[in-house]
Every structure is written in C-alpha cells, then in structure tokens.
Amino acid sequence: MPEAAEVESLSSQAAKRSPHADPDLIFSKAGIQIFLADARKKLSCFESGTFQTCVTSPPYWGLRDYDYPDQIGAEEEVENYVEDLVALFRNVRRTLRDDGTFWLNIGDAYTSGGRTWRAPDKKNAGRAMNYRPDTPKGLKPKDLIGLPWKLAFALQADGWFLRSDIIWHKPNCQPESVKDRPTRCHEYVFLFSKSERYFYDSENVQEDAIIGAGRKNRRSVWSINTEGFKGAHFAVFPPKLVELCILAGASAGSCVLDPFFGTGTVGLVSKYLRRRCVGIEMKPEFAEMAIERIETSRAKECCLPLS
Ligand SMILES: C[S@@+](CC[C@H](N)C(=O)[O-])C[C@H]1O[C@@H](n2cnc3c(N)ncnc32)[C@H](O)[C@@H]1O
C-alpha cells in the first residue's frame, strides 16, 4: 500500500501549485499529465472519446508485489486476473475516440511446477511476489500458460477488434538455464481497435526494404533491446517500442493514455513526439521517477528526434 505520507506529500504539493485542480493530478506540464491513483477508479473520471491511443503494460500475473490492496496480478486464479484486466480495459475503450487503438504489451509465464514460494526481497519497491500461484486448472506443471492469448481472446470477446499480434523480439534477452526448451526471447504486443475502421498511420512506421532501396510496410516482428532503468524493479518499456505504437496510433497533437504508467516511458516518448499524454500510476515512488524522468530527460536518451 502506498505510504499515506508519500501520497499526502505529492498531493499537497500539487494542491499548492493549483488549488482547484484534481488532487490526484501530481504533474501537468507541456501536455503531459500524471495522476497518482488506482486506474480502476480514475479512468471513470475521463470523458468518453478523450484519447486516440492507449499504450500500456499491466502488472504480470503472480510476478511482482506492488504492495497494494487487491492488486491486479495477485489474483489466485488466472481467470480472475483476465477478468480484472478485461473490466479495466473496457473503461479504457470507453475513453478512446471511435478511431482509437490500444497497444497491449504482455508476457507469458510457466506454471510453477509445484514450487509455491519465492524468496522474499524486502529491499525492492517492486519486489517479486513471495508466493507462486497454483497451477491453473487444466494445465500441468511446466506448461506455458498462454496468458497473452487468453487475455487477447477475452478482450476480443468483450468487443475489441483484435488487429495484430506483434512479436517483440528481445535480442539482448536474459539467458535461461533451461535445457529442455528454447530460451524465451519475446513478448507480445497486441494491437486492438475500438471500431472496424480506425486511425493507423502506416507510412509513419515503415521500415527499410531488404531488397533494393526504399521502404516497406512495418512487419509484425519488432527486434528491440530491453533497457534497464535505475531504480525501477519491473519491466520498463524500451522507448523505441513505444515510439512505433505512438507514431502509428496517435496523430500529431492527439492524446495518449497509459493507465499503468510506471516510470513514465509513454509520457517521455509522447513529449518528444509532441503528443499529449495522461498517465495513471498508483505507486508514489514510481510516479516520482516518472516526473523526474520526463522533466530531466534529453531526446538523445530515448533515441527520438526532438523536432
Ligand atoms: C509493468 S509496470 C509498467 C512499466 C511502464 N510501462 C514503464 O515503462 O515504466 C506496471 C505498473 O502499473 C502500476 N499499477 C499496478 N496496478 C495499478 C492500478 N490499479 N492503477 C494504476 N497503476 C497500477 C504498477 O505500480 C507499475 O508501476
């Protein structure tokens, strides 16, 4: 649970700056707004049709302990995790414009193989869960859960148009000591749309043709190295990945949403691409990191043009 004093301090600083503003609004500069809040509640404050695209990465199931009541990712059953995210993303769909898109990054996981506990790590703010969830019904020890696809199909059934699965290939992935399967070096990014027809700027994200000079339509495998970020103990988006989603999904000047803002990569990239952005983050320490990053970063740091 966030330290009450921390929330109090961030919110009261914000209230002093702008006494009539929403108390959850802790940063508002150059079109980037950060709300310190639970996205399950905060999304309802935004009018329908506010955002043109949403780029996000939710907490993974049974992986990180964000130390927050009823936290997403701590559900005992994988079905409940999927239901919780479907409900939250339904509210995201409401806030999207009719031509809006939703880019969802999600990784897969293996069943625990009978291990139920992890070693606790008291030092890390985003530390690992101290338990491993039971093997989901119908699966066996060592099974790959297929979580991204369970979620993708549930979102499709809930009304989203599932337009593409994108393989985020990580050339610098962590080595694994496994000897009975290949080392995993990818996650998924799903592209959903709110309507059958939607905004997608294919020219903005073309890639170099392999044969001859020239450009071709962006392919569905994106090779992008992961990038660490000091102080963040969870997976941070590489700016390049977010850049592609925003260039394709958000026209100049439109507004981008990330309801699981973390250290604010989506805000950082939005700033350099001259899009507006709303980020929602429930942990004060991560929201602070996001503010510092957005205020102090240089374009070079996220490999983006500052034009
Ligand atoms: C995987 S991290 C996102 C990292 C982010 N993409 C970045 O580049 O830093 C998920 C984030 O969601 C936040 N979070 C989890 N549940 C939340 C909720 N209900 N409302 C708002 N934020 C939440 C966590 O605190 C964490 O910072």
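# Close-up views

**View 1. Ile72 touches Pro58, Pro59, Asp84 and Leu85, leaving out residues up to four places away in sequence.** Two residues are in contact here if their C-beta atoms, placed from the backbone, lie within 7 Å. This is a predicted model: local features need pLDDT of at least 70, side-chain atom pairs count only at pLDDT 80 or more, and totals for chains, interfaces and linings use all residues. Residues are numbered from 1 along each chain as its sequence is written. Ile72 itself sits in the loop between strand E4 (64–65) and helix H3 (78–95); helices (H or I, at least four residues) and strands (E, at least two) are DSSP runs, numbered from the N terminus. Ile72 counts as buried because it has 21 C-beta neighbours inside 10 Å. The cut-offs: 20 or more other C-beta atoms within 10 Å of a residue's own means buried, 12 or fewer means exposed, and in between is partly exposed, with C-beta atoms placed from the backbone. Have a look at Gly62 too: Gly62 is ten residues from Ile72 in sequence, with 9.1 Å between the two C-alpha atoms.

**View 2. H3 meets helix H4 (residues 147–157) at an angle of roughly 45°.** The two axes come within 10 Å; axes are lines fitted to C-alpha atoms, for helices over the stretch in contact, and angles run from 0 to 180 degrees between N-to-C directions. That angle makes H3 oblique to H4. For reference, under 35 degrees counts as roughly parallel, over 145 as roughly antiparallel, 65 to 115 as roughly perpendicular and the rest as oblique. H3 passes H4 in a right-handed crossing, and a crossing is right-handed if the near helix is turned clockwise from the far one by less than a right angle, left-handed if anticlockwise. On the H3 side, look for Val78, Val82, Leu85, Val86 and Phe89; H4 brings Leu147, Lys150, Leu151, Ala154 and Leu155. By class, this contact has nine nonpolar residues, no polar ones and one charged one. Ala, Val, Leu, Ile, Met, Phe, Trp, Tyr, Cys and Pro count as nonpolar, Asp, Glu, Lys and Arg as charged, and the others, Gly among them, as polar. Leu85 of H3 turns up in this contact, and Leu85 is also one of the residues that touch Ile72.

**View 3. Helix H6 (residues 265–272) is largely enclosed by the rest of the structure, because eight of its eight residues are buried.** Those buried residues are Thr265, Val266, Gly267, Leu268, Val269, Ser270, Lys271 and Tyr272. What covers them? The cover includes strand E2 (32–36), strand E3 (51–56), helix H5, strand E12 (255–258), strand E13 and helix H7. After H6 comes Arg274, whose phi is positive, near 60°.

**View 4. Helix H5 (residues 239–249) crosses H6 at roughly 60°.** Their axes come within 9 Å, and the two helices are therefore oblique to each other. The crossing is right-handed. From H5, Pro239, Val242, Glu243 and Ile246 meet Thr265, Val266, Leu268, Val269 and Ser270 of H6. Sorted by class, the contact of H5 with H6 comes to six nonpolar, two polar and one charged residues.

**View 5. H6 and helix H7 (residues 284–296) cross at roughly 20°.** The axes come within 9 Å, and the angle makes H6 roughly parallel to H7. H6 passes H7 in a right-handed crossing. Gly267, Leu268 and Lys271 of H6 make the contact with Ala290, Arg293 and Ile294 of H7. These residues divide into three nonpolar, one polar and two charged.

**View 6. Here is Ile294, a residue of helix H7.** Is Ile294 buried or exposed? Ile294 is buried, with 22 other C-beta atoms within 10 Å. Setting aside its neighbours within four places in sequence, Ile294 is in contact with Ile32, Gly264, Gly267, Leu268 and Lys271. Ser270 is 24 residues away from Ile294 in sequence, and their C-alpha atoms are 9.8 Å apart in space.

**View 7. Zooming back out, the protein chain has seven helices and 13 strands.** Of its 307 residues, 37% are buried. Among contacts between residues at least 6 apart in sequence, 68% join residues at least 24 apart.
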